[in-house]
Structures are given as structure tokens and as C-alpha cells.
Amino acid sequence: MREILIQLAAAFFGSLGFAALFGMRRRYLLPAALGGLLAWGVYLLLAERTGVFAACLASAAFGVLYAEVLARLYKTPATLFLIPAVIPLVPGGALYYSMDSAVRGDLAMARVYGSQTLNTALAIAAGMSFALAIRELRTKR
Amino acid sequence: MAITREQEPVLLDGLLDMAALLLDAGAEISRVEDTISRLGRAYGAQRVEVFVITSIISLTMEFPGREAITETRRVRSDSSTDFYRVEKLNALSRRCCAAPLPPEELRDQVAAVAAGRKPFRSVLIGSILGSGAFTIFFGGTVWDALAAIVFGVLICLLQRYLGRTRINTVASNLLISMLIGLGVGGLTMLLPMLHMDMILIGDIMLLIPGMAMTNAVRNLLVGDTISGVVRLAESLVWAGALAGGFMAAMLLLDTLR
């Protein structure tokens, strides 16, 4: 439980950091950071039951919906809230360990971590596209 | 707003400036195309054809009873995501769609947005928060986070300095990641209580083209195939440069040990 809380808090501050890094206006910072926390919460809820790929996909789809709602609310482009929300999903750890394994000459592990990195990126993109497609169904040409 | 024949090039110029800025600040291809066609129609064009890929924008407008005119713009992007600009441009295009500004004024206002950037202070604070928080996130200790913050600030300063030179993204990623790898490796040799992997992961999050990669796949999946392929190739090369820099640093440290 303690570990989960630490992760959620870290996701919140990480997303806050990236929102600031990208030049987000101050009044949008907190909602953007909250998006990161909630998206990571969705991931944690699902990860054990559905596996990492589906959890990532669902979390990214959630990020899109969250961003769309806030974008309507604040009349801003949704990307502003989408990017900070999905930042905690970015597979920094897997990328590092794949490099590390490659340097140590452990090509088998490098491949495992490498494909994990790519799978996560694919899951994020697929989740986002899925949710965006639903949005586009509602808007007419 | 009625546009005279003489004003058409000015309008196209303003719209192309806006598109290039939006693209550079990290807006998606479809969003840029959508914004420009809406604006074009708001100015009374009966046909607006806009085509955007990562390095070029082509815009054709046809006003009733006149010949169509086309302009293209080569975009050299350093692809630094800048929400400040995205938001300003979005507000400008909304205002302009509701009540079109004279083309000269549109061009000036776009230039005014181009003159401003996200404040460096928020980039610095963001780097501190981001590197520290993600070190903890991936399982590092508080001490690891503090070390990651020190190097996060260094990354931020290096990027700012290198951003002013003509160095390309591949070379700068290679250089930065090598320096950071050497620094973190050296520090963890001196202070064995620190975890090199955790510190580096926290700092990698600042460097990783994760968003570029995700946007690339997204472009591919929504049908902007050319941009998707270009961006994907670009971000894979950037990530490769990052990995190369870190690997070089680790190999160097291994020989020293």
C-alpha cells in the first residue's frame, strides 16, 4: 500500500514537472499533474489483472478522455493535458535496462527489455488512437 | 473580412508562419491542418488545401472569382515542446475565426507569439521536479533523487547552451548523454550508497524522445503516414544517440574500474 502511494505521489510530481518543463501556464499545472496521477492509478488498478500491455492501453485511453474533458472546460488544445497525463507510462526503466544489458553483452536480456520498451510505446499509442477515434466519430466533417 | 488580391500573399504568409510555429511547438499534424483550413475559410476562401509533414507545409487558397495561389514553407524544427506557444496560437486562431483580423495584423500577432518562449525558470523547475520524481517513481531512494536532480539541472543547462549553437539533435543527445553517464558513473563510484541505474533512469526521462515516439505512432495510426514514418525514424535515431552516449560512458568507466 505504501509503495502504491509513493508511486502515485511520484507520478503526480513527475507530471507536474513535465507540464512545467513544457511551459504550461500556472493555472493549468495542477489539473495536468492530477491527470498523471489518475492515469497511473488506472494502470495500477489493471496491471495485475490484465497484464501490462492492456493496462498501458487503457491508461493512455483514459488520458485522452481526461484531456478532452479538461480541454472543453478550459478551451485549450487537448494535447496540453494529454502529454503530462501519459508521461508516467513512458518506459524509461525498460529503455535503460535494455541499454545496460547491451553494454554488458547480455543480448538476450537486451532483447527482452527492448521489446518491452517497444510494446509499451505501442500500447500508449494504440490507447490514444482508440480514444481519439471515438472522439472523431462524434465530430462531423 | 474581404481579402483583396494584394492581401492574399500576406494572409498566406501569416497562416504559414502560424502553422510552422504550431508544428514546432508540438501540435499534432492533424491539428495544424485543421486550424489552418478553418482560418482560411473564415477569411472567405472557397477552397483551402493545406498539407503538413514534419519538414514542409504547403498551403493553397482560392478566393471566389480569383486564381488559386500556393505557397510552401520549409520548417526546420528543433521540436522543443512549448505549451506556451501552442496556447497563445490557439487563442489567436479562435479569436480570428470568430472575427478575422486584417492579414497584416494576423501576421504581426503571430510574430509576437514567435518572439516569446516558455520561461526558462519553469523549464528549470520542471527538470528538477521531473528528474527527482521519476527517480523515486522507478524505485530510487531520496539520495538517488537528489543526485538525479543535480544532473537534471545540468541537462537543462546543457540543452539550453547547445540549443543556441548549430549542433544537431543527434550530436547533442550523444554529447549530453555521454557527459551525464560519465558524471553519474563517477559519482556512484565515489558514493557507493547511490544507485546508478535509478539516477540515470530519472535523468533519461528528461532526454527520452518518448513524446515524439508516441506522437509518431499516433500519426501512423490516424493516417498521417508520411509524418508518422519520418517522426518515428527521427525519434529512433535520437533514442539511438542517447543509448550510444550512455553506452560509451559505461564502457569508458568499465575500463577505468
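1. Chain B holds ten helices and three strands; helices (H or I, at least four residues) and strands (E, at least two) are DSSP runs, numbered from the N terminus. The model is predicted: local features need pLDDT of at least 70, side-chain atom pairs count only at pLDDT 80 or more, and totals for chains, interfaces and linings use all residues. Residues are numbered from 1 along each chain as its sequence is written, while chains are lettered from A and ligands numbered from 1 in the order in which they are written.

2. Overall layout. Along the sequence, the pattern of chain B reads α-α-β-β-β-α-α-α-α-α-α-α-α. Its C-alpha trace spans about 75 × 30 × 30 Å along the principal axes. Of the 257 residues of chain B, 48% count as buried. A residue is buried if 20 or more other C-beta atoms lie within 10 Å of its own, exposed if 12 or fewer, and partly exposed in between, with C-beta atoms placed from the backbone. Among the contacts in chain B with a separation of 6 or more, 67% come from residues 24 or more positions apart. Two residues are in contact if their C-beta atoms, placed from the backbone, lie within 7 Å.

3. Domains. Chain B is assigned domain 1 (5-115) and domain 2 (125-256); the bounds come from an automatic or database domain assignment. The C-alpha centres of domain 1 of chain B and domain 2 of chain B are 33 Å apart. Eight residues from domain 1 of chain B and eleven residues from domain 2 of chain B take part in the contact. On the domain 1 side of chain B, the residues that touch domain 2 of chain B divide into two nonpolar, four polar and two charged. Here Ala, Val, Leu, Ile, Met, Phe, Trp, Tyr, Cys and Pro count as nonpolar, Asp, Glu, Lys and Arg as charged, and the others, Gly among them, as polar.

4. The sheet. Three strands of chain B form an open sheet in the order S1-S2-S3, with antiparallel pairing; two strands pair if DSSP finds at least two bridges between them. Strand S1 (47-53) and strand S3 (69-74) of chain B are the edge strands, each pairing on one side only. On average, neighbouring strands of this sheet are turned by 10° against each other, direction ignored. H1(B) packs on the sheet and touches S1, S2 and S3 of chain B, its direction making about 145° with that of S2(B). For such angles, axes are lines fitted to C-alpha atoms, for helices over the stretch in contact, and angles run from 0 to 180 degrees between N-to-C directions.

5. Strand pairing. S1(B) and strand S2 (residues 56-62) of chain B are joined in the antiparallel sense over seven bridges, and Val48(B) stands opposite Met61(B) in S2(B). The antiparallel pairing of S2(B) and S3(B) runs over six bridges; there, Ile57(B) has Arg73(B) in S3(B) as its bridge partner. S2(B) and S3(B) form a hairpin with six residues between them, and Gly65(B) in the turn has a positive phi of about 80°.

6. Thr60(B). This residue is found in strand S2 of chain B. Thr60(B) counts as partly exposed because it has 17 C-beta neighbours inside 10 Å. Leaving aside neighbours within four places in sequence, Thr60(B) is in contact with Glu49(B), Ala68(B) and Thr70(B).

7. Helix H3(B). The 16 residues of helix H3 (residues 83-98) of chain B should span 22 Å at 1.5 Å a residue, and the end C-alpha atoms are 23 Å apart, which agrees. The expected span of a helix is 1.5 Å times one less than its number of residues. Buried residues of H3(B) include Phe83(B), Val86(B), Leu89(B) and Cys96(B). The buried residues of H3(B) pack against helix H4 (79-86) of chain A, as well as helix H1 (8-24), helix H2 (29-42) and helix H4 (103-115) of chain B.

8. Helix H5(B). In H5(B), 13 of the 18 residues are buried, so this helix is largely enclosed by the rest of the structure. Gly139(B), which follows H5(B), has a positive phi near 105°.

9. Contact between chains. Chain A gives 37 residues to the contact and chain B gives 43 residues. H1(A) gives the most to the side of chain A that touches chain B, with eleven residues. That side of chain A divides into 26 nonpolar, nine polar and two charged residues.
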